Amino acid sequence: MNPYKVSIITVCLNSEASIRRTIESVLHQTYNNIEYLIIDGGSTDRTIEIIEEYQTIFEGHLQYISERDQGIYDAMNKGILHAAGDVIGIINSDDRYEPDAVERAVKCFEETDAEAVYGEIWLIGQHGEREYHTWHSAFPPHPSTFIKREVYQKCGMFDLKYHIASDRELLLRLIAGGIRFEHIDAILADFSKTGISNTKSLECAQETYEIDLKYFGRCADTFNRDAIEEKYERARFLYISQTRSQIIRETLGKYRHALDSIAIFGAGNCGKELMTVLETCGISVRLFADNDESKWGLEFHGIKIYSPEILRDFDGHVVVTVTKYQQDLCRQLRNYGNPALSWSTLGEMRQKAIRCYERG
């Protein structure tokens, strides 16, 4: 007899394309003392029909509610109020559990004094492919987090003030309140990047910024102020490039030849993201430069990566994307003594674009 009863909650709305995979991932858990609660927001597609297919298979352990609600976090709160388990896990209708996720979580609760446990997640791309997974996460990923029901009773549920990032607010509130978290060094869930936090990046950034500032200093080991600012600026810059591309062009247009001849110094994630932004705005990138010799000769979307030495004779503008070493890289560019070369940092670009956008 498994001592812990676990309540799994899935919230959904018109999820016929993905909910079957989510339900199957709960059905095939290696732990069997589970009740499954599906909270539907009044779907008009085949979602309810699919859910009802599984009621017999779950042998009475699957219940669902279908009615209009005030959004995803209102639905989650409704599920928590109906949950009878000692432990609650929440898995959304486009995500899924690994087969031993619940078993691993219960084992951690049994062996420690944890009030909440969390593991790692796979990030799933647009076409269902596994892109990469987290490792040694400092902050609990919501799909792989399990929390004792008594914690919700003591600390409260999701704050409906937030429409996209209320899960982050809840987790930070629990951390700041001294709730004991334990990390499981294993992947427990697959998280789809097509969810609302990815499709509404600006709104997510604004909520996250407000939440992080609220808890800044109360969860010192979780994040720092520089990381908060960086995350906010990055999301806002991406949004501006998609909705007001002329602002990005104006920001770069202040530099001679910038719109005709752009080089990116740093072929890491930030550099590649910047190239995508510039392409969105109709600005071509001529080349990447990077101090890492192992990257020389490689290409990203057809743009070649070179030694920075190529910039000695480059007639155009360079954007430095490596935040950690940006002063050293700017000094390196200055030492080339190339009068035809101008440069700026990605941080400067973002801040100028944001200020311009906010001025209207």
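Reader: How much space lies in the largest cavity?
Author: About 30 Å³. Keep in mind that this is a predicted model.

Reader: And which residues line the largest cavity?
Author: The lining is made up of Phe237, Cys270, Glu273, Leu274, Leu346 and Arg350. Helix 11 (269–280) and helix 13 (346–358) are the elements that each give two or more residues to it.

Reader: Which helix gives the most?
Author: Helix 11, with 3 residues.

Reader: OK, switching to rings. How many aromatic pairs does the structure hold?
Author: It holds 7. One of them is tyrosine 4 with phenylalanine 109: the ring centres are 6.0 Å apart and the planes sit at 35°, so the pair is tilted.

Reader: Where do those two lie, tyrosine 4 and phenylalanine 109?
Author: Tyrosine 4 is in the segment before strand 1 (6–12) and phenylalanine 109 is in helix 4 (residues 101–111), so the pair ties together parts 105 residues apart in sequence.

Reader: Is tyrosine 4 buried or exposed?
Author: Buried, at a relative accessible area of 17%. Phenylalanine 109 is buried too, at 2%.

Reader: What about tyrosine 36 and phenylalanine 58?
Author: They form a tilted pair, 5.6 Å centre to centre with 40° between the planes. Tyrosine 36 is in strand 2 (residues 34–40), while phenylalanine 58 is in the loop between helix 2 (47–53) and strand 3 (62–66).

Reader: Last one: what lies over the face of phenylalanine 139?
Author: Arginine 168, at 4.6 Å from the ring centre.

Conventions. Residues are numbered from 1 along each chain as its sequence is written. This is a predicted model: local features need pLDDT of at least 70, side-chain atom pairs count only at pLDDT 80 or more; totals for chains, interfaces and linings use all residues. Side-chain values use heavy atoms; hydrogens and water are left out. On a 1 Å grid over the protein atoms alone, a cavity is a set of points where a 1.4 Å probe fits but cannot get out, and a pocket is an open set with protein on both sides within 12 Å along at least five of seven lines; lining residues have an atom within 4 Å of a point. Grid points are joined across faces, edges and corners, and a volume is the space filled by probe spheres set on the points. Helices (H or I, at least four residues) and strands (E, at least two) are DSSP runs, numbered from the N terminus. Rings of Phe, Tyr and Trp (its six-membered ring) pair if their centres lie within 6.5 Å; planes under 30 degrees apart count as stacked, over 60 as edge-to-face and the rest as tilted. Buried means under 20% relative accessible area, exposed over 50%, partly exposed in between (1.4 Å probe, protein chains only). A charge sits over a ring if NZ of Lys or CZ of Arg is within 6 Å of the ring centre and within 35 degrees of the ring normal.
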